[in-house]
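Here is a short briefing on one protein chain. Look at the structure first, then work through the points by topic.

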Amino acid sequence: MWKSEWRDFLNGIIDLLYPLYCLVCFKKIGSKEVFPLCSECFQKIPWNIPPFCNKCGRNLPVELPSENICLACKKERHYFDRAWSVALYEGVIRDCLHKFKYGQKLGLINFFEKILSNFIEKFIAIEKFDYLIPVPLHPTKLRERGFNQAFLLAQPLAKKFQKKLLPRVLYRKKFTLPQSELTASQRKRNIREAFLLRNQPEISKKNILIIDDIFTTGSTVDECAKLLKRNGAGVVEVLTVAR
Ligand SMILES: [Zn+2]
Ligand SMILES: [Zn+2]
């Protein structure tokens with residue numbers, strides 16, 4: 001048998017002995033597919049595609065003549081310099097994030113790393129950043145869940161792009177209601193003064209990429225950015241899996 005035939009043969013046996021199932025549709029997947037998703041589900045990922053709003057990162061239906069800023073960003077000021085999101089928070093991605101956060105499907109981390117890395121390589125000038133900072137969870141929440149999803153997302157990216165990860169420089173001092181249950185103005189009030197900065201000299205004049213799972217109105221990451229900027233940080237951008 002040829003080398004490639006041998007490989008196919010062995011992969012076939014592995015598939016038989018250790019079948020893998022797509023985490024979204026539960027269909028059996030072959031070893032050639034992108035575990036933990038079958039290729040069909042992978043193709044259904046609702047990517048966030050350019051042109052992007054240069055502030056909040058939302059997809060704009062058309063390239064705008066002036067500076068590519070969406071209407072919402074023209075009306076409302078953000079502290080972060082720019083936000084980026086890989087995909088839209090719907091369909092397959094919503095499913096994956098839900099399973100990751102609430103279903104403890106931590107195997108999904110490899111998948112998120114892959115799509116975040118691809119996005120960074122395509123769109124973000126990663127060399128300008130000194131640090132990656134994951135949005136912290138309140139200690140009570142952390143105890144409940146057992147992990148901080150933003151930290152788990154940031155960790156492999158820091159390693160891959162050789163950036164220092166600062167998971168403790170921001171501290172969540174206020175126990176807030178889940179943002180998903182609130183309106184935009186309630187979200188802002190809910191998250192106001194929720195964070196504390198622990199080591200101001202460390203972030204002074206440093207460029208920071210904040211990492212989180214979801215960007216909805218942006219008020220959580222904006223509150224982090226406000227604190228960092230007011231304490232002398234340089235460029236502060238935000239990267240999330242979905243929005
Ligand atoms: Zn599937
Ligand atoms: Zn915008």
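The centres of domain 1 and domain 2, taken over C-alpha atoms, are 32 Å apart. The domain bounds come from an automatic or database domain assignment. This is a predicted model, where local features need pLDDT of at least 70, side-chain atom pairs count only at pLDDT 80 or more, and totals for chains, interfaces and linings use all residues. Residues are numbered from 1 along each chain as its sequence is written, while chains are lettered from A and ligands numbered from 1 in the order in which they are written.

**Domains**

- The assignment gives domain 1 (1–44) and domain 2 (46–242).
- Six residues from domain 1 and nine residues from domain 2 make the contact. Two residues are in contact if their C-beta atoms, placed from the backbone, lie within 7 Å.
- On the side of domain 1 that touches domain 2, five residues are nonpolar, none is polar and one is charged. Here Ala, Val, Leu, Ile, Met, Phe, Trp, Tyr, Cys and Pro count as nonpolar, Asp, Glu, Lys and Arg as charged, and the others, Gly among them, as polar.

**Nonpolar core**

- A nonpolar core is a set of buried Ala, Val, Leu, Ile, Met, Phe, Trp, Tyr and Cys residues joined through C-beta atoms within 7 Å. A residue is buried with 20 or more other C-beta atoms within 10 Å of its own, exposed with 12 or fewer, and partly exposed in between.
- The largest nonpolar core has 56 residues, and Cys96, Ile208, Ile210, Ile211, Val221, Cys224 and Val241 touch the most other members.
- Elements that each supply at least two residues of this core include β3 (82–87), β8 (208–214), α10 (219–230) and β9 (236–242). Helices (H or I, at least four residues) and strands (E, at least two) are DSSP runs, numbered from the N terminus.
- Both domain 1 (1–44) and domain 2 (46–242) give residues to this core, so it lies between them.
- Which residues does Ile210 touch, not counting residues up to four places away in sequence? They are Ile133, Val135, Val221, Cys224, Ala225, Val236 and Val238.

**Sheet**

- Five strands form an open sheet with parallel pairing, in the order β3-β9-β8-β4-β5. Two strands pair if DSSP finds at least two bridges between them.
- β3 and β5 (164–165) stand at the edges with a single partner strand each, so one side of each has no neighbour in the sheet.
- Five bridges join β3 and β9 in the parallel sense. Ser85 has Thr240 of β9 as its bridge partner, and Ala87 has Ala242 of β9.
- β3 is mostly covered, with five of its six residues buried.

**Helix α10**

- Nine of the twelve residues of α10 are buried. Among them are Val221, Cys224, Ala225, Leu227 and Leu228.
- The end C-alpha atoms of α10 are 16 Å apart, which agrees with the 16 Å that its twelve residues should span at 1.5 Å a residue. The expected span is 1.5 Å times one less than the number of residues.
- Gly232 follows α10 and has a positive phi, near 95°.

- Most residues other than glycine have a negative phi, and most peptide bonds are trans.
- Pro50 and Pro51 are joined by a cis peptide bond, with omega about 5°. Pro51 lies in the loop between α2 (39–43) and α3 (71–75).
- Asn68 has a positive phi, near 55°. Asn68 is partly exposed, with 16 other C-beta atoms within 10 Å.
- Glu193 has a positive phi near 55°, and counts as exposed with 10 C-beta neighbours inside 10 Å.
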